[in-house]
Structure formats: structure tokens, C-alpha cells
Amino acid sequence: MAEEVKLFRTWSSPFSLRIVWALKIKGVEYETIFEDLYDKSPSLLQYNPAHKKIPILVHSGKPIAESYVILEYIDETWKETPLLPEDPYERAMARFWAKFGDDKVLTSIVWGVFIKEGKEQEEAMVEAMKNLWLLEEELRGKKFFGGERIGFLDLALGWLANFISILEDVAGLKIVDEDKFPLLSAWMKDFADSPIIKDNWPPRDKMIAKFQALRDEKLAAAAAASK
Amino acid sequence: MADEIILLDFWPSMFGMKVRIALAEKGLKYEYRDEDLFNKGPLLLEMNPIHKKIPVLIHNGKPICESQIIVQYIDEVWKDKSPLLPSDPYHRAQARFWADYIDKKLHLLGQRLWRTKGEEQEANKEYIECLKLLEGELGDKPYFGGENFGFVDVNLMPYFSWLYVFEIAANFSIEAECPKLITWAKRCMEKESVSTSLPDRQKLYDFFLQLKKWHGIE
């Protein structure tokens, strides 16, 4: 009997993408429900009343929210193709860098560099470069963050492999320079072209439009605030 | 060969308290080092160069940072005694979710209680709503972990040591609003692993007054 697995997501959320990748890597069949975050469904509000956010995984009627919590649940429930390493210290490191990815890397790039301009953007770029450099160091001697094959940390940071070029195109600047970050650049390419990953990126034209709108909105708000 | 465990900590830190409780639950011997956060020592800077924050657990020379990650590490390495996370994947996910909720929402709201002027009423209300949600999650269980003290209990208790401070500072009481949580906190304090890991209330309050001065708040 197939257990019912549902994923509540949006088409563009990097947090949702992690779950899509994990489920597909594990060969888990699931149903997708796309949410409009401006018009959240009663199901979303029922399944995640604490945060009212996606992604939410619902397995046999039981909801799990928060992308890293969901990833660990998937890894523990469907044990083939393990995502987290076995050794407790290696697991702690993977969790540490995943948290760093969201708290520092994503924040400094999207909410720092991308939505700013001029001097503010330059300052944000210094912070972003420091964070990216730490990831570059973490890749030393490895093809993927997980080692020889894709693991938990690759899924956590995977959004970089697609989103960076979109952010660069929209903002008109280079964020991950191949000369400065040879290992990270190579990883981004290898990850983006990997089986399953390469078939599940959101449509590029839609992403460009979405991020252009975001940047325009934030720059306009900043300009209005400074008057 | 005995494990060498060092904890770099700062006695009023809620995050440090979580680790102390976890280590005590597992009956582990370790060296406790209180850091001067205005004058961070070389070991802290070496072991947590990225964030330069406590707590840091150093196990046989290898550092682990971030309180929740440390507590999970402790639970996985010393898995035969007092397991903190349940064995069922769904219940584990729920425990991790609530621990994350506590860190994200409760912590932020707790800071707003005393740092923001003019928003006290709103901040108090939101904080209590947050606690009520947690109280709903506790239900009629003795602990968040069920019959046994567990992961969420470890994560929430430190906030209750600060709650005394917040209640005085923000002039509110949760006794009437969240009676089950008060009962739960008292039950947890009866455990030696908890009572020996949390600082004296008065000492914490005195520290809080100092903290307010540093932040330029009356």
C-alpha cells in the first residue's frame, strides 16, 4: 500500500526545492500542491499554524514543516541513498554549514547584495564574499559537499547553483567569480547538471521576472524611505 | 580511554544552559569554562572562528558549535543513556520543529520584551501567544518528550530561567495565562540535571540590570 505523501510548496522557493530533490533522490512518489503565499490555502494554515509557511510535507496525514526538519525526516523514513553522513561529528558539521547557508550566505546575498545598490551594495558584497569564501574552503578536496556524491549539505546549498546566475543577471554584477571561487563554481555546475537536479529547476524566465520585481520593489522602498 | 569534553560557555546564556542540561542528562564529566564575551579568549576564537560565539563543545579536541547542533551531537554520541530525541521519525521531526520554533520565535520575542520602548503591550501579548502555542503542544503530558524529559524540554527550560527576569522587567505574569507551563517548569526544576545547570534567579536578574545599562536602556 502506497503511503500518501504530499508536498505543499511554491514554484520558486529554494526551501521547497530541497524537499523536491530529496524525495526524488529517494524515489518517493508524492503529490505536489502549489501554494499562493498571498492567498494561503486552509490546508496550509491547518498544517503549519505556527509559521504559516511552506514547504510542508504531509505523510499519511501527518504534517512536518521547516525544510531542514523535513529533510532529516525524509532521510530517517526512507533509508536508501542516505543524505546525512553516519558519523555524529560529520553530521554536526553538515547541520552547521546548512544553518550557515541559510542564516549567513542566503541572507547576505539576497537581502544584502541583491536588493541594494551603490555603497550599501559594496558593503554587503564584502560580507557575502567572506561567507562564500568559507564555502569554498569547505569544498577543498571534495567534489560535492557530501563527498563523492550529493548529500544533505549539497541539497541545503543547492539553490546557489541556479539562483546565483539569475541574481547576477538581474542585478548586473558578478557574485560568484570563477577565478575567485574555482571550487564553488565547479560544484555549482556539477550540482546543477546532476541527474534529478537538472530536471527540477524553476523556469528561468519566470525567475528573472520575479527577482527583477523584487529588486525594483526593494530599491523603490529604500529610495522612498531615505527622502 | 576517557573522553575529553570542554564546554566554552557564558553563565547567563540560554544557549549554553541547553548544553549544560544535555551533558548532565547523559551524566558526562566535562570542563566548564566561562568566557568573557568582551574579551574573547584564544580558544573560543580558534574553535568557533566563524561566529565567535558560545556555546562551543570541544570533544576530544574537535569543536561543535550552535546549541541545537551540540545537543543533537551529544544525543547521538552518548545514545545509550537518557535519549533526548524519541526513536520514531515523526516524533523526532516534531521535537526538532518545536526546538527550532523556540529558538526562532520565543528568543526574538523575549528580546523585544525589554529592548523596545513603547511596544511593551504588543510584545507581551505576542510572547504569551507563543507560550500558549507551546503549552498546547505540551498538552497533558508530564514533559514535551512524553513520559521522559526530552529534546524540547532541554530547549525550553533555559527560557524559563529568564522568564522570571522578563516578568519583572516587562511587568507581566504568565501564571494565569499558561498554568500548565508553570507546572511543567517546576517539574523540570526537580530534576538535578536541570537545577544544577540553570543560574540563580537573583544573580540572573542582577546581570540583566547590567545588560540593560550596556544597551543604554533604563
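**Exercise 1. Find how many salt bridges link chain B and chain A, and describe one of them.**

*Step 1.* Apply the criterion: a side-chain nitrogen of Lys or Arg within 4 Å of a carboxyl oxygen of Asp or Glu.

*Step 2.* Count. There are seven salt bridges between chain B and chain A.

*Step 3.* Take one example. Arg92(B) pairs with Glu76(A), and their closest N and O atoms are 2.9 Å apart.

*Step 4.* Locate the side of chain B that touches chain A. Strand S4 (62-65), helix H3 (67-77) and helix H4 (89-115) of chain B are the elements giving two or more residues to it. Helices (H or I, at least four residues) and strands (E, at least two) are DSSP runs, numbered from the N terminus. H4(B) gives the largest share, 12 residues.

*Step 5.* Sort the residues on that side of chain B: 14 are nonpolar, three polar and eight charged. Here Ala, Val, Leu, Ile, Met, Phe, Trp, Tyr, Cys and Pro count as nonpolar, Asp, Glu, Lys and Arg as charged, and the others, Gly among them, as polar.

A note on the model. It is predicted: local features need pLDDT of at least 70, side-chain atom pairs count only at pLDDT 80 or more, and totals for chains, interfaces and linings use all residues. Residues are numbered from 1 along each chain as its sequence is written, chains are lettered from A and ligands numbered from 1 in the order in which they are written, and side-chain values use heavy atoms, with hydrogens and water left out.

**Exercise 2. Work out what area chain B and chain A bury between them.**

*Step 1.* Ile50(B), Tyr90(B) and Phe97(B) supply 26% of the area that chain B buries against chain A, more than any other three residues.

**Exercise 3. Locate the cis peptide bond in each chain.**

*Step 1.* Recall the background: most residues other than glycine have a negative phi, and most peptide bonds are trans.

*Step 2.* In chain A, the cis bond joins Ile54(A) and Pro55(A), with omega about 0°. Pro55(A) sits in the loop between helix H2 (42-47) and strand S3 (56-59) of chain A.

*Step 3.* In chain B, Ile54(B) and Pro55(B) are joined by a cis bond, omega again about 0°. Pro55(B) is in the loop between helix H2 (42-47) and strand S3 (56-59) of chain B.

*Step 4.* Check phi. Lys52(A) is not a glycine, yet its phi is positive, about 55°. Lys52(A) lies in the loop between H2 and S3 of chain A.

How values were computed. Buried area = accessible area lost by both parts, 1.4 Å probe.
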